[in-house]
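Here is a short report for a first look. Keep the structure in view as you read.

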Amino acid sequence: MINEPTPDLPDAPVGSLAPAAQAELAGTAWEELPHFCTGRHGVPDTPDILGAVLAADPARRVRAVGDLYRLLLNQARVSPATAPAALVVARLLDDPRTLTGDRWERRAGRRPLRAELLNWLASFADIARLDVEDGIGVAQDLAAARAVRPVLHDRIAEFCEDDDPLVREAALAATALLLADPALTSSVPRYAPAVRTMLAVSADSYYRWIARERLVAWGEDVTGLLAAEREHRAALDRAHALAADPFGEGQEQAIRWLEEQPEDTAAQERLGRRCEDRTAPTQAAPYEPTPEPPVAVPGSEAGDRSPWRIAIEEERAEWTFTPYIGVGPLHFGMTLEEITSALGEGPAASSYSHHGKDQQLNYADFAESGIRALFQEGRLGCIAVDALTGPQVRLGTAPLTGCAPSHVEDWLVHRTTRPGSLAYSVAGDPVFADLGLAIRSQRAGDAVLSRPLFLLHSWLDLWHSLPSAEWNHF
């Protein structure tokens, strides 16, 4: 996430929003409509998130948009606050402050805030098409999400002809997904031509998928679109293979061709694609026991100062985690100052890198808490828990910290929720994309214990994301 300079904008507390947005906010009983982490330390409430979307500070805007995804559309689920929040977001679209551009967490490239809010509404509409058994939440929340689709359609329609192609595509993607509502079926003939001629040939692969999926649902022939997509993917695969072969012919030509291709700005988590291969969570095998919590070894008594001292269960703080939102008192997107406040201690060590005149924070170690916080553009993107002394983070009731790594891996593998969610780093560390979780190994004398890493989507590729200091942490 890189924030480029943007024009100075007036700050946007809730009171400075447009009257229609203020009325929507004031008319909603937010205290009765929690999001996925309402009440957790340092996590903003829904009205605060919505007010910060138009903040003057670029970092606050980016953080607020990220919170819309993390706290209101988490893991292809909706919360009680999601549908009312979507109505407010749609009210913000015509505010001139949404014309400012930036780089956003979920998509590549720079785009106006208006386009990114429309992308969020497209994700909302995508999830609203799913069924409760697909894991999106309780029936009441799904019904609320579906009920607001006609209102959202009316508010988005004008942006389908916007002068900015990024706004136009995002609005058309959201509209195409909203048209899954039976009450909007009569509008399909109006939008189908644009979906085929514009969305189906977009540089964004998620938009192309939406176009094909919706055109099929509307009874149209997509044979040509499917063939073009296969040819495009095959050409990319061939070019990447040639570009990676220093001894083959055509490497330079392949590299040039790839550089000329438009950037695929698709969201990192494509919710609609997940409905194609979603399977019910697999229950653990009866013989697969829960990982054993850490056990003290000789020399690990309280007060021992050995570098290999293993804290016993009673000494460790108890933390839980919510995928792609946070762990214990920490949530993704925090600054170093916010983490220091949440943990009640300052960093014992930190690392910075220099890019010209700019200094960027790479990571900070909190010795008392047993935490390493890793940053991207000054915001928390990965949390590494020390295997020897860190808090016991649990998935359900199962411990993840300081256990035998193979036991944790085996236990998690039996809980993988969809095909393709498990990958391995170059060091053999299992990475569970559904959970935003990687399990590394950490030495404790002659023992090896699990060191869990909790990650944002952009950190799942450990080899390119983690600094050398983390790779050297054994």
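## Leucine 113

Leucine 113 counts as buried because its relative accessibility is 0%, where the cut-off for buried is under 20%. The model is a predicted one. Leucine 113 belongs to helix H5, which covers residues 113-128.

Which residues does leucine 113 touch, leaving aside its neighbours within four places in sequence? The contacts are Val53, Leu54, Arg61, Val65, Arg97, Thr98, Thr100 and Trp104. Take valine 65 from that list. Leucine 113 and valine 65 are 48 residues apart in sequence. In space, their C-alpha atoms are 8.8 Å apart.

## Arginine 114

Arginine 114 also lies in helix H5. Arginine 114 is buried, yet has no salt bridge. The nearest side chain of opposite charge belongs to aspartate 162, 4.0 Å away.

What does the side chain of arginine 114 reach? It reaches the backbone oxygen of leucine 93, at 2.6 Å.

## Helix H6

Helix H6 runs over residues 139-147. Asp141, Leu142 and Ala145 are buried there. These three cover an arc of only 100° around the axis, so they sit on the same side of H6. An α-helix has 3.6 residues a turn, so residues three or four places apart point the same way.

What does the buried side of H6 pack against? Its buried residues pack against strand E2 (77-78), helix H4 (82-92), H5 and helix H7 (149-156). The face turned away from the buried side carries the exposed residues Ala139, Gln140 and Ala147.

## An open sheet

Elsewhere, 5 strands form an open sheet. Their order is E7-E6-E5-E12-E13, and the pairing is mixed. Which strands are at the edges? They are strand E7 (330-331) and strand E13 (398-399), each pairing on one side only.

Strands of a sheet pair through backbone hydrogen bonds, either parallel or antiparallel. Strand E12 (residues 392-395) and E13 run antiparallel. They are joined by 2 bridges. Leucine 395 has alanine 398, in E13, as its bridge partner.

Note on methods
Residues are numbered from 1 along each chain as its sequence is written. This is a predicted model: local features need pLDDT of at least 70, side-chain atom pairs count only at pLDDT 80 or more; totals for chains, interfaces and linings use all residues. Side-chain values use heavy atoms; hydrogens and water are left out. Helices (H or I, at least four residues) and strands (E, at least two) are DSSP runs, numbered from the N terminus. Buried means under 20% relative accessible area, exposed over 50%, partly exposed in between (1.4 Å probe, protein chains only). Contact means heavy atoms within 4.5 Å. Lys and Arg count as positive and Asp and Glu as negative; His and the chain ends are not counted. A polar contact is a pair of N or O atoms within 3.5 Å; within protein, one must be able to donate a hydrogen and the other to accept it, and residues adjacent in sequence count only if both atoms are side-chain atoms. The arc is that of the directions from the helix axis to the C-beta atoms. Two strands pair if DSSP finds at least two bridges between them.
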